[in-house]
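Colleague: Could you walk me through reading a sheet and its salt bridges?

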Amino acid sequence: MLPMKPPPPSLPLALCSLQRILFALASLTLISYIFLSLRSLSPHPLQYHSDLSLNPPPQVDADADRRRDGDGDSEGLDLSSSSSSVYHSPEVFRRNYEEMERSFKVFIYPDGDSNTFYQTPRKLTGKYASEGYFFQNIRESRFRTDDPDRAHLFFIPISCHKMRGKGTTYENMTVIVRNYVESLMSKYPYWNRTLGADHFFVTCHDVGVRATEGLPFLIKNSIRVVCSPSYDVGYIPHKDVALPQILQPFALPAGGNDIENRTILGFWAGHRNSRIRVILARVWENDTELAISNNRINRAIGELVYQKTFYRTKFCICPGGSQVNSARITDSIHYGCVPVILSNYYDLPFNDILDWQKFSLILKEDDVYQLKSILKAILDDEFMALHKRLVEVQKHFVWHSPPIKFDAFHMVMLLLGSTSCFAVNGVLHSKFTGEEISG
């Protein structure tokens, strides 16, 4: 008699086994999803918009680098110190800076009569000194090359500020700029290779912005280095560069490490030439803890009273004026007064490199009504940390002639370097990495 085969498993039992398997797979999937989600939420250092050297840079002879600069006593970048916290990514900043100093080159078009609007700035003083310093610094620096084939970028050396000084109208400025750029396009092959994507011009006064508004090919394609980086004047972040408006020479030495002397909560004095300034003065000019004045302090009441007040103030209010920018921001940094930026949009200078929230307060314009309570809510330890970091960034907001390491000129050049590109068969590539630039 043949042995009987065991009966097959019942259908309910098979279904139960299948359910267990499916449940186990679903559990593993859920666990993997949670793990990946948590990893994506972990903080990563922000890197600004084009790492000049995505590959690890070669070792640098620091002594040789200082000898080339001729500024062996200039301050280095100590990434081990607390100052590194003012950068989005200290290591990226260090690598990019070294790569810039090694290889970045700019060709300056030689055309134009220097006695009119070309090649030379109007002056190196006043609210628009940044434009003049850049014109001078680029000629004094290692970045200039007379060989256009070595250049990463091409500088269009025309000064609208100088035109303004000679009484040129906006309409004539636009014609002069157009004729100059078109002459460069017809005489040289470099603009047409990239349609101007590797060309830049510099203007600090808002007349330069207005003078180029009628030149869409210049605004859209080239890099604009401007002191008024606002959307309403066609500023394009990550293409254009915000130029810090620095009023030099400073009337008094730099402040800092003097917290015990800062007994005024907040300070602003200026003209009501914008909506936010009108509101600021109207709401707070009679307050006993905020020193808010409708007009600049009259020199008749004392020598340099306006500047000396910065030394005695914790927070300096920086509302936009006729343009979104204000020299008051860099005044505040220089005198060691934590800037309070009241603006709905302002692409702050060096914003891709520096973490402004570490050394300033950035508020919306509607926050002006709660300004006093916001400032009083800052704890002493928080203010001390802001003040300490503010002192660390002072070196980035000053011009020198000749330029020195890490000053305003070098910071602008670093941002310009991150935009450099070249074209192969009509496709843009990064000059430093060789990679294709999408979009």
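Predicted model: local features only at pLDDT ≥ 70, side-chain atom pairs only at ≥ 80, totals over all residues.

Colleague: What is the strand order of the open sheet?

Modeller: Strands of a sheet pair through backbone hydrogen bonds, either parallel or antiparallel. Here five strands pair in parallel, in the order β8-β7-β9-β10-β11. Pairing needs at least two DSSP bridges; strands (E, at least two residues) and helices (H or I, at least four) are DSSP runs numbered from the N terminus. β8 (290-293) and β11 (361-363) each have a single partner strand, so one side of each lacks a neighbour in the sheet.

Colleague: Which residue of β8 is the bridge partner of Trp268?

Modeller: Ile292. β7 (residues 264-269) and β8 share four bridges.

Colleague: And how many salt bridges are there?

Modeller: Side chains of opposite charge can pair when their charged atoms come close. The rule is a Lys or Arg side-chain nitrogen within 4 Å of an Asp or Glu carboxyl oxygen, and the count is 15. One of them joins Arg275 and Glu365 at 3.6 Å, N to O. Arg275 lies in helix α10 (residues 275-284) and Glu365 in the loop between β11 and α13 (371-376), so the pair ties together parts 90 residues apart in sequence.

Colleague: Which residues form a network of salt bridges?

Modeller: Asp287, Glu289, Lys372 and Lys376 are linked that way.

Key:
Residues numbered from 1 in each chain as written. Heavy atoms only, no water.
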